[in-house]
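I would ask you to look at the sequence and the structure together as I speak.

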Amino acid sequence: MSAPSMIGFIGLGQMGGPMAANITAKSGIEVIVYDKAGTAERAPKGAKLANSLGDVLSTADTVFMSVPDGPVSIALAKEIAEYDGRKSSVIVDLSTIGPDAAREAEGILKAAGITYIDAPVSGGQAGAAAGTITIMCGGPKAVIDDHMGVFESFTGTVVHCGENAGHGQAVKILNNFLSATAFAASSEAIAYGMSQGVEMKTILDAVNVSTGRNTATMDKFPNRILTGTYDCGFATKLQSKDMNLFIKEAKAAGTPLTVASVVAALWNGCDALKPGSDISRIYDYIREKC
């Protein structure tokens with residue numbers, strides 16, 4: 001196997017769109033894109049537009065895909081495996097779908113002679129646009145190394161988490177659990193501090209040079225909540241989905257869930273009361289519970 005000469009990209013949503021744009025602009029490799037919700041409206045400048053999934057599979061050596069959840073990834077894996085005119089031999093799944101779904105997708109594609117790379121990303125929409133996201137890969141290192149030039153065009157860091165599909169997903173969902181926990185805990189802490197008459201900016205100034213600092217206090221609060229923009233670029237619904245994935249996988253593994261159970265309940269509650277919201281609204285949800 002060698003570096004691809006033609007890249008396909010499926011799924012041009014909030015994360016997929018900017019990732020595809022960076023690959024198109026910076027990789028030096030031709031890119032063909034497709035999104036069933038409307039390719040022409042979402043395609044990055046310079047990319048070739050596909051009319052169907054088949055157009056991508058018959059043209060690209062490697063196909064990247066960024067879709068909402070496991071059922072969509074698995075459905076796509078089945079379509080890809082069943083397509084007769086396929087040129088593509090490697091699928092890189094950038095979606096957060098959980099280890100079980102990644103292993104299922106790999107099994108479907110492996111039976112068709114296709115290599116599956118489990119490669120969820122972290123860094124949000126801003127990171128996807130800036131090309132600074134982290135990719136957590138599970139799959140054959142040799143294949144990942146062959147694609148390093150493409151990865152470097154849209155990411156800041158590539159971590160090889162293991163040789164098997166599911167390894168990348170395991171690290172991604174535990175990372176999202178930690179991030180979600182920090183955001184919820186920071187919301188409670190700041191709500192308390194403000195109840196004592198301390199301004200939010202003052203709390204953040206103190207915490208961010210102390211041991212309590214985290215991505216919520218260093219980025220989300222000063223840049224998304226204090227400003228009143230509430231625009232982290234990641235949906236509460238997806239954060240809730242990721243927390244529930246962690247709960248499911250940790251239960252199956254038999255590992256502790258004392259903290260995760262409480263945090264998942266908070267995010268599920270926020271999603272139920274604030275449908276369609278950005279994750280920054282967890283602060284409002286927690287503050288309103290006081």
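First, the conventions. What you see is a predicted model, in which local features need a pLDDT of at least 70 and side-chain atom pairs count only at pLDDT 80 or more, while totals for chains, interfaces and linings use all residues. Residues are numbered from 1 along each chain as its sequence is written, and side-chain values use heavy atoms, with hydrogens and water left out.

Let me turn to the fold as a whole. The protein contains 14 helices and nine strands; these are DSSP runs numbered from the N terminus, with helices being H or I of at least four residues and strands being E of at least two. The C-alpha trace spans about 65 × 45 × 30 Å along its principal axes. How does the radius of gyration of 20 Å agree with that of a compact globule? For 290 residues a compact globule would have a value near 19 Å, so the 20 Å of the protein agrees with it. The radius is taken over C-alpha atoms, and the globule rule is 2.2 Å times the number of residues to the power 0.38.

Of the 290 residues, 51% count as buried. Buried here means under 20% relative accessible area, exposed means over 50%, and partly exposed is in between, with a 1.4 Å probe and protein chains only. The protein exposes about 12700 Å², of which carbon and sulfur atoms supply 54%; the areas come from the Shrake-Rupley method with a 1.4 Å probe, and for residues only the protein chains shown count as cover.

Among contacts with a separation of 6 or more, 65% are between residues 24 or more positions apart, a contact being heavy atoms within 4.5 Å. As to charge, there are 24 positive and 29 negative side chains, and the centres of the two sets lie 3 Å apart. Lys and Arg count as positive and Asp and Glu as negative, without His or the chain ends; the place of a charge is NZ of Lys, CZ of Arg, CG of Asp or CD of Glu.

Now to the strands. Strand β1, residues 6–10, pairs with β2 in the parallel sense over five bridges, pairing being defined as at least two bridges found by DSSP between two strands. In this pair, Gly8 stands opposite Ile32 of β2.

A parallel pairing over four bridges joins β4, residues 62–65, to β5, with Thr62 opposite Val90. In β5, residues 90–93, Val90 and Val92 point one way and Ile91 and Asp93 the other, and all are buried.

Is Ser88 buried or exposed? Ser88, which is placed in this loop, is buried, with a relative accessible area of 4%. Beyond its neighbours within four places in sequence, Ser88 is in contact with Val56, Leu57, Ala60, Asp61, Val63 and Ile114. Asp84 belongs to the loop between α4 and β5 as well, yet Asp84 counts as exposed at 80% relative accessibility. The C-alpha atoms of Asp84 and Ser58 are separated by 8.8 Å, although the two residues are 26 residues apart along the chain.

In helix α4 itself we find Ser73, which is buried at 0% relative accessibility. Leaving aside neighbours within four places in sequence, Ser73 is in contact with Met65, Val67, Asp93, Ser95 and Ile97.

Gly212 lies between α10 and α11 and is partly exposed at 42% relative accessibility. Not counting residues up to four places away in sequence, Gly212 touches Val207 and Thr217. Tyr230, in the loop between α11 and α12, is buried at 15% relative accessibility. Its phi is near 45°, a positive value in a residue other than glycine.
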